[in-house]
Amino acid sequence: MSSVLVVAEHLQGNVRDVTYELISAARTLGDTVTVAVIGTDPASLDVNRAGVDEIVHVRVEQAEFENDVYQHALEALLAERQPATVLLGFTVNSMGYAGAVAAKLGLGFGSDVFAVARDGDAIVATRAFYGSKAHAELEFPAGKAVLLLLRPTIWPPAAGAGSATVTELALEPVASRARHEEFREAAKSDVDITTADFLLSIGRGIGEQENIAMFEELAEKLGATLAVSRPIVDAGWMPNARQVGQSGKTVKPKVYLAFGISGAVQHLAGMKTSETIIAVNNDPEAAIFDVAHYGAVADLFDVAEELAKIV
Ligand SMILES: Cc1cc2nc3c(=O)[nH]c(=O)nc-3n(C[C@H](O)[C@H](O)[C@H](O)COP(=O)(O)OP(=O)(O)OC[C@H]3O[C@@H](n4cnc5c(N)ncnc54)[C@H](O)[C@@H]3O)c2cc1C
């Protein structure tokens, strides 16, 4: 009999959708599905969906997620329940402690998993590499527990009321090295690059922060919205609301005009399906030209000046 343990995620008193998605995935993998809820008042968080056999309440002093607390709780759950498979969300929370638990206990481990299936007694998880340029199947033979982080929004959220039994797992209090202080609203951005039809996107090739102004002006003249690659955000020159790519926004404008962007896979992951891509780069070998429909091997400042003259 194979058992699956799901660790619920919650935030400010609400169960996060990814938890219900994990339950859906768990149902396809195991004969029994247990959901662990770690928090100050686990009973207030409803995870009793159809297909859940058992809910384990793990009462802790910390209301919100803290790395050390979850690590401690998961280790205790693993020791007591010995599940064959553990499912967590591929989220900022899980990334903080799941790898550590897997390494410490010698578990099979896969992150950013977007498909998972049983093959006999083995588990086969599919994950992406290199900004989704390559997919790989990871096969975990039976006999060793496996911990997988599943990508959110892939599985449908489990629906329908369940009839799970509820148990408690007593946990020694844990001293957490980091403490949750407060939630702060992210600054509302005045721009939504994901809905713009025309993006003028600048990268490290612009060289200096003072050069941003000329591209802001050019974008305005062209009727484009300014977007950026990650180094511009990392340097603190523009807010991350304008970042295109794997760790930024995915965009699909009618026109994507890129100045001084090399075309790293993480950048391409966010823009390669744009309708028309135009790239300006002084390196003819730049990878951006592999996806560009039109390209100019030229100094970006020369092209920007010429463009500014004709509009
Ligand atoms: C986990 C992870 C997530 C990431 N997420 C993202 C992401 O979301 N978005 C993102 O953009 N990056 C992301 N990155 C970073 C990514 O790997 C690249 O480092 C980044 O995209 C490079 O940005 P760039 O093209 O602006 O700079 P560079 O790679 O330095 O390219 C600058 C380009 O400008 C050209 N150039 C220089 N001077 C001129 C000139 N005068 N005229 C014309 N061309 C010129 C150069 O030839 C070069 O091709 C991520 C990386 C990691 C590891």
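**Exercise 1. Which residues line the largest cavity?**

Before we start, a word on the model: it is predicted, with local features needing pLDDT of at least 70 and side-chain atom pairs counting only at pLDDT 80 or more, while totals for chains, interfaces and linings use all residues. Residues are numbered from 1 along each chain as its sequence is written, and side-chain values use heavy atoms, with hydrogens and water left out.

*Solution.* 
1. Set the rule: on a 1 Å grid over the protein atoms alone, a cavity is a set of points where a 1.4 Å probe fits but cannot get out, and lining residues have an atom within 4 Å of a point.
2. Read off the lining: V7, A8, E9, F65, Y70, L88, G89, N93, S94 and Y97.
3. Assign elements, taken as DSSP runs (helices H or I, at least four residues; strands E, at least two). Strand 6 (85-89) and helix 3 (92-105) each give two or more residues to this lining, and helix 3 gives the most, with 3 residues.
4. Sort by class, with Tyr counted as nonpolar and Gly as polar: the lining has 6 nonpolar, 3 polar and 1 charged residues.

**Exercise 2. Describe how the rings of F65 and Y97 are placed.**

*Solution.* 
1. Rings of Phe, Tyr and Trp (its six-membered ring) pair if their centres lie within 6.5 Å; planes under 30 degrees apart are stacked, over 60 edge-to-face and the rest tilted. The whole structure holds 5 aromatic pairs.
2. For F65 and Y97 the centres are 5.9 Å apart and the planes stand at 40°, so this pair is tilted.
3. F65 sits in the loop between strand 5 (54-59) and helix 2 (67-81), and Y97 in helix 3, so the pair ties together parts 32 residues apart in sequence.

Conventions. 1 Å grid on protein atoms, 1.4 Å probe; cavity = no way out; pocket = protein on both sides within 12 Å on 5 of 7 lines; lining within 4 Å.
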